[in-house]
Amino acid sequence: MSSKQSDRREFLKRGVALASGLGLGAATQPVLGQLPGPEAHQHGTDEIVAYGKRSRFVTSVRIPHGGRHSPDTFGLDFHIAAPLQDSVGVITPSSLHYMGTTRGSFIPDIDPDKHHLMIHGMVDNPLVFTMAELKRMPSVTRLHFIECAGNRSSSRMTTVQETHGMTSCAEWTGVLLSTLLKEAGVHEGADWIVAEGVEEVKGASSLPMTKAMDDCLVCYAMNGEAVRPQQGFPLRLLVPGFEGIFNVKWLRRIKVVDQYYMTYNDYGHLTQDPANAALGYQIGPKSVITYPSGGQQLPGHGFYEVSGLAWSGGGAVSRVEVSTDGGRTWMDAEIRGTAHPMAHTRFTFQWNWDGTESELQSRCTDDIGQVQPSRAQVAEFWNIPAGQPFSVKGQDNSIQPWRVASDGSVHNAIA
Amino acid sequence: MRLLKQVAALSLLPLLLLGVTAQAQSPTYGVGRAPTEVEVRAWDIAISPTGEELPVGSGTVDKGSELYLSKACAGCHGTTGSGGIAPRLVKDDVGPDVDPWRFGRVLPIRSPYATTVWDFINRAMPLGQEGTLTPDEVYSLTAYLLFLNDVIADGTVLDEKSLPLIEMPNRDNWAQVPDWFPRQPRLYGYPY
């Protein structure tokens, strides 16, 4: 017997011995000459066959936002932030999409076969649509972000999920609101609509007819499937670029009217300052670096692809710049793919970190010429003395600085 | 024959008139149906500042103070309208002659219109039993909250006529949102 044959016999014997010592499906030790395998092999289940499931090693989750737990003591969902630190590309998975509500909401359990949308008020032809009828109408599919008015970074926050997690971006499908309004025939002088949901507070917002006729969507789908219940199943309004509260969920009714209605939602944004009112309406140009970001740890100096998200309520992102020296010098980042209007846009920047303390920032410019400001620029514009604490007027779109310490730890650098 | 022509001409007239309106406003797709008037009345709960949708009814401060307890408002908002786990309903005590904005984020004092108070109670209260209050009960609860905030006097009767006429302290003391047009900056002169 050659030594080679002898080795093989030994190998087979050992293999049998090894297999008998292990349960089926348990992790196997790599055998000599074989590549190491996965931790385990899972048996199929009906549930995973039906709807799939992510790996148990992927643990990225949403978190309650703003110091109020969801669900709260009543069982209401309030504000829930998306894990932007783990985001790639521009689509937020539906299960991780941020959520906001006005008073806190129980999520309505709506049978879509019983749901209707009514359009009435100052129109020639008041209309009621079933979901099936809405799906017969001409549809559009568009990428749009939504962002909560309270998406505001502060020095007390650590991660990008805390500082910026109240925004997400999805592919939305539905009927243009203008298609439905034209079908109803809007009267002269009907300068506003009131859009209203079916949930327990029947949340309603006033919207200008100019916006309603421009690009608003009545959506029944997101990311290739039905809109999620937390996002307004079976129907939600999408108001691209406007603050989150306008994107009425569980949409049941659109009333065409001649005045601003001062609904409870409208009242919630009430302010005495005209600049505050204007800057809290259409979202400004904004961006944030998601990697490296607060709470993350770089293993050491060397090459990193810096990555982040940019967006604007005024149009498409036209330019993103990155600074690695705290805003003293700026270099163009690469915009990945097509920058869609009022959509998250992924940018990247190739960075060789020399291991010294650095401060990373990003700055967005949109295609109507608005530029994301630093907090210092905002303070200067409003003549706020240096060192005086202040809150950025309206929706906060100021630049987020991340400090990379020499040990590779990453920190929120807002003073 | 002549008669027939006249009849034809007469019957064409309304068709022509209809044709003019129909050309401008007829549905393109013809999908969906017209709601009945009953459906519209039942669904139409949005109350404008001018109050034309307000239902007929009336209420008083006294009845409101009873309802505040019997409808369990006090359980969440506090027996005095503050100190509960739900938002406070009574203005902060900052003295009588101050900017109403300093009274705090309190709906029945900060809102420029009493209709917003009525509308929100009607659509969204009490928690878990929304939509169960009668119009009279909503008028009474609104009256009680406005009385607690020194907006109306004890003994005031609120109804669909008087409610929209209430002069809230912030009536003309708030910033309107700007007229909106596509691709315009959010605030002219502000580069950010």
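Predicted model: local features only at pLDDT ≥ 70, side-chain atom pairs only at ≥ 80, totals over all residues.
**The core.** Select Ile193(A), Ala195(A), Val218(A) and Cys219(A): these residues have the most contacts inside the largest nonpolar core, which has 126 residues. Next, bring up helix α7 of chain B, residues 135-148, which gives nine residues to this core, the most of any contributor. Then colour domain 2 (64-270) and domain 3 (286-412) of chain A; both give residues to the core, so it lies between them.

Stay with Cys219(A) and show its surroundings. Leaving aside residues up to four places away in sequence, Cys219(A) touches Trp172(A), Thr173(A) and Gly174(A), and also Val227(A), Leu235(A), Arg236(A) and Leu238(A).

**Helix α3 of chain B.** Select residues 61-70 of chain B, where Val61(B), Gly64(B), Leu67(B) and Tyr68(B) are buried. Look down the axis of α3(B): the buried residues fall within an arc of 115 degrees, so they line one face of the helix. Leu69(B) and Ser70(B), on the other side, are exposed. Just past the end of α3(B), check Ala72(B), whose phi is positive, at about 65 degrees.

**The sheet in chain A.** Select the four strands of an open sheet, in the order β13-β14-β18-β17, paired antiparallel. At its edges are β13 (286-291) and β17 (334-335), each pairing on one side only. Zoom in on β17(A) and β18(A), the latter spanning residues 345-353: two bridges join this antiparallel pair. Finish at Glu334(A), which stands opposite Thr348(A) of β18(A).

Definitions and conventions:
Residues numbered from 1 in each chain as written. Chains lettered and ligands numbered in written order. Core = buried A, V, L, I, M, F, W, Y, C linked by C-beta atoms within 7 Å. Buried ≥ 20, exposed ≤ 12 C-beta atoms within 10 Å, placed from the backbone. Domains from an automatic or database assignment. Contact = placed C-beta atoms within 7 Å. Arc of directions from axis to C-beta. Pairing = 2+ DSSP bridges.
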